[in-house]
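Here's a quick tour of this model, in two stops. Have the sequence and the 3D view handy.

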Amino acid sequence: MVVNNKHPVLPYQIGAWDRHDSEKILIDKAISTAEDQSTSASWWQAGTATPFRDTLNNGFASTHGLVQTHPSGNDPFSTFGTVDSTAGPSSNPFAQTSGSGPLSGTFRSNPLPPLTRNGNGKLGLKHLDFTSSATAELRRNSALSAPDECARACRENEPPRICYYHFTLEFYTVLGAACQVCTPNATNVVWSHCQCVLADGVERGILSTNRMLPGPSIQVCENDKVVVDVENHMEGMEVTIHWHGIWQRGSQYYDGVPFVTQCPIQQGNTFRYQWQGNAGTHFWHAHTGLQKLDGLYGSIVVRQPPSKDPNSHLYDYDLTTHVMLLSDWLHEDAAERYPGRLAVNTGQDPENVLINGKGQFRDPNTGFMTNTPLEVFTITPGRRYRFRMINAFASVCPAQVTFEGHNLTVIATDGEPVQPVQVNTIISFSGERYDFVIEANNIPGAYWIQVRGLGECGIKRAQQLGILRYARGPYQPSTPSPTYDIGIPQGVVMNPLDARCNEPRNDAICVSQLKNARHIDPAILQDRPDVKIFLPFRFFVYRPEMLFQPNTYNRYLVAPQGDHVISLIDEISYMSPPAPLISQYDDINPDQFCNGDNRPADCGQNCMCTHKIDIPLNAVVEIVLVDEVQIVNLSHPFHLHGYAYNVVGIGRSPDQNVKKINLKHALDLDRRGLLERHLKQGDLPPAKDTIAVPNNGYVILRFRATNPGFWLLHCHFLFHIVIGMNVVLQVGTQADLPPVPPNFPTCGDHLPPITAN
Ligand SMILES: NCCC(=O)NCCc1ccc(O)c(O)c1
């Protein structure tokens, strides 16, 4: 469809988007109404914002708060109430003194008409970025569709679109001056390109995409072509974007792994990614350095016609607004935690959790609570809604999601449909996605959504709240807000941390107990795979005398307890090659490569090289991941690029005398037929691309290697990636791969002969 005719230049009026929203029917049989998509801004109007001394940054006053320049009357900012402008830079209108809960009584008792306004003040569909319809490329090329045209109901015989996105990556600020220009409220025209990022109401510098947090949502139909121009304006930073869950068949060089599938995009450069998405709930994020944790992520939804989803009969709506992206959040740059400190702000644990970039923060030292808006999902009584949850955490904390008064029917994970199971709470790990159906079958009202950080996040009790609201009902839940320690009753747990997966139980469902809703290639279930790979992983702990030898500069992470560690998979710590494997293979010294069977001579306990395992094209591959880290509360989620694998087994040693599993013991269990494998006819192991290996346990994966390429397999914890918990699976040979596009950027070392003069 031609874009430029349909899309006048911004800003839009609210009413226009109400009409537009009613077209966003994503399942043919459902009629979407504007109220399903609207959120209310009412409860963060009024209230008296109190001069706020920012004790959130290590006790120092923030250098630059949001200053109320027009304290009263009819200007766009006055709805914050009275803010003492004399308080100067440290006044923060999103702070309130109440320590009693996220919303004070004042905020609850002031209902205003609902606003069709969603994330980041952008109108209509949360995180769909309407501003990019104003980009030059869209105006120039009439074959391209804008983001909001692509987020549509998918029909069987509709021609595919080319969906165009422009991402501008920058250094940016939470609560920057943009919030004085266009923080939305009910009475003023809201700009659909409002650039105010609120996050949890705590000022900090971030990295942003199109000045949004999360960045723009990519929502398309299967068979659409997605084109994303990534324009890097982060001063002095390089970047790549990985499309997590997208298999990149035929576009392997757009997988976004630095020095594996491309050279990083330099500051000032634009790199055009183009791919066709496999269906499901996915997300995109920076795969370079620690940038993901500073804000470079966003959702991807690839929808199908209802006839192609085996679970479509279970829901009435699959709305663009019911994407639920969870992220962990720091109040400083991620680099402050890497390699890590010994005294103040040790470890890598986040301060907070965000739902679609939103939330509130309670300062544990003062009890001050910010009053930024919580995420609201609106539903209509009697209807059934598909929610698409994305765990975009970077830290090691699992996230637990619970909806007050509502069951969750899990229908897909990592984009792949499963036979429906009903649970009350879902625990997920970094990189995982869970799609579930919620039926609006409770008393029309407002209900809490609680997202708790588990594991190490229990120390700071990091959690976030959101609201599930029935249209035309109250805006605020009638129950007290759940706290970290007294939460919503958890009931049946999806993905229990105890990993007791091979015994009957009615309090939990393991991933390995889910059943695939699709047909499985029988070759996957054969007794003997063509290739079987055991991959134990652990940390190597440096003695300081070894690490700080003069003239050596080995990388390390200071773990929460102060250990200086690197990661090992099969006793190797992954190092990037100096040039991309996919495009400059011949530029790489073959000595750079290694694996468990080919260790470089003199490679010690901290063996560092480009860990690569070769796999024949079309082989049936089995991978057994064995946790040799053995830290209670730490289960590592492994993500494979280019594929969804079948999870055929999850478990721990059945041998009661074995306190710690390791490679040798896992091999022994395998010989004795004691590793859990669900390979019987009708076992239907679920397909996923990210799975947590239970601590002191193992996971068994299988896939048929039909997608040639260089595919990263790695722990999805951000700080573990940067210390080497990665391995590249090379499927097939270079001859099996499509050539990289013309003028694909190159990079590498520059080491010419030294000239005398
Ligand atoms: N028995 C060996 C001690 C050890 O391996 N210490 C590392 C613990 C660790 C590392 C990284 C993390 O991110 C983390 O949370 C914890």
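## Domains

Domain bounds here come from an automatic or database domain assignment. On that basis the protein chain splits into domain 1 (130-308), domain 2 (310-494) and domain 3 (522-736). The C-alpha centres of domain 1 and domain 2 sit 22 Å apart.

A word on the ground rules: this is a predicted model, where local features need pLDDT of at least 70, side-chain atom pairs count only at pLDDT 80 or more, and totals for chains, interfaces and linings use all residues. Residues are numbered from 1 along each chain as its sequence is written, and side-chain values use heavy atoms, with hydrogens and water left out.

## Where domains 1 and 2 meet

Contact (heavy atoms within 4.5 Å) links 33 residues of domain 1 with 42 residues of domain 2. Together the two domains bury about 2800 Å², 62% of it on carbon and sulfur atoms; buried area is the accessible area (1.4 Å probe) that two parts lose on being put together, summed over both. Asp200, Thr281 and Leu293 supply 24% of what domain 1 buries against domain 2, more than any other three residues.

The rule also finds 2 salt bridges across this interface, a salt bridge being a side-chain nitrogen of Lys or Arg within 4 Å of a carboxyl oxygen of Asp or Glu. Asp333 and Arg204 pair up in a salt bridge at 3.7 Å, N to O.
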